[in-house]
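Visitor: Please pick one part of this model and go through it closely. I would like to see how its pieces are joined, one after another.

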Amino acid sequence: MMGIYEGTGLEQRSVLMRHDPSNQMDTLTKIPITPSHLFGEGISYYYVWKTDDQGNRIKEHRIIQLTWKDKVGKIYSLPELALIKEFTYQTVTTEGWGITFVPHRNEFYVSDGSEYLMVWDAETLEEKRRIVVTFQFQRVGTPPTNVKYVNELEFVDFAANENLAAGQCGESGTCSDDATSPLFTPTMKILANIWYQDVLVAIDPISGEITRAYDLSDIYPLKQRQAEGADCLNGIAVTGADRKTGEGLEIWVTGKLWPKMHRIQLID
């Protein structure tokens, strides 16, 4: 079950893979996206609760995947990556870009290249609300600017593991349908990259405000990428490592046609 799951794009070349981060990212599983004309986009790990034959509640682990222009999504079982179902969806631009799971809300946050993030119910896949991503470019007192091209998404909590905020809901289900409830603590963010910019941004999951930007231009510099045939930053995954006070949040980052994944810390 353990590993890093990666989805790739391009028509006729889109695949879904599972890598072993403990063994130099050795690829353990690789399946093509079918039909082959589909252009794979964002994926996210998530789970649903099921009841077994003995009446026990158990997690069923899954991967959800978007496609670029076909408005088709796919859901796979884990660890074998067997297709469970397909579904159709609508977004503002009619495209699918990024997706991430917020477990204590039982919701997906979805991007489509617009300034909007769409919030879906994780069970029904129906849209519940939208938020506009904004950034305060100018001095305080001027209107914030809407930010387009929000791409890959990852729900994160910057809190140190030994000091997690009290009152968070457990894994047993959604706590509330109230989008303004304090269930999102101040340390919880939607981490995202902006298409063709070497930055990651931390987005408030309620207001949509970008609260922090991280410059990643030195990780794989543009001139080096151009010389080696690689493209833009476009991949985020949390490592799952415990975070201690004074340390940064550990994540993996990669990009389109990048030959490596990079393990970094984000210092808030």
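**A sheet, strand by strand**

Guide: Strand 15 (residues 188–194) and strand 16 are paired in the antiparallel sense over four bridges. Strands here are DSSP runs of E with at least two residues, numbered from the N terminus, and two of them pair if DSSP finds at least two bridges between them. This is a predicted model, in which local features need pLDDT of at least 70 and side-chain atom pairs count only at pLDDT 80 or more, while totals for chains, interfaces and linings use all residues. Residues are numbered from 1 along each chain as its sequence is written, and side-chain values use heavy atoms, with hydrogens and water left out.

On to the next pairing. Strand 16 (residues 199–203) also pairs with strand 17, in the antiparallel sense and over five bridges. Here Ala202 has Arg212 of strand 17 as its bridge partner. This pair is a hairpin too, with six residues between the strands, and Gly208 in the turn has a positive phi of about 85 degrees.

Of the five residues of strand 16, four are buried, so the strand is largely enclosed by the rest of the structure. Buried means under 20% relative accessible area, with a 1.4 Å probe and protein chains only.

These pairings belong to an open sheet of four strands, in the order 14-15-16-17, with antiparallel pairing. Strand 14 (150–157) and strand 17 (210–215) are at the edges with a single partner strand each, so one side of each has no neighbour in the sheet. On average, neighbouring strands of this sheet are turned by 25 degrees against each other, direction ignored. The axes behind such angles are lines fitted to C-alpha atoms, and angles run from 0 to 180 degrees between N-to-C directions.

As background, strands of a sheet pair through backbone hydrogen bonds, either parallel or antiparallel. In a regular strand, side chains alternate between the two faces of the sheet.

Technical notes. Buried means under 20% relative accessible area, exposed over 50%, partly exposed in between (1.4 Å probe, protein chains only).
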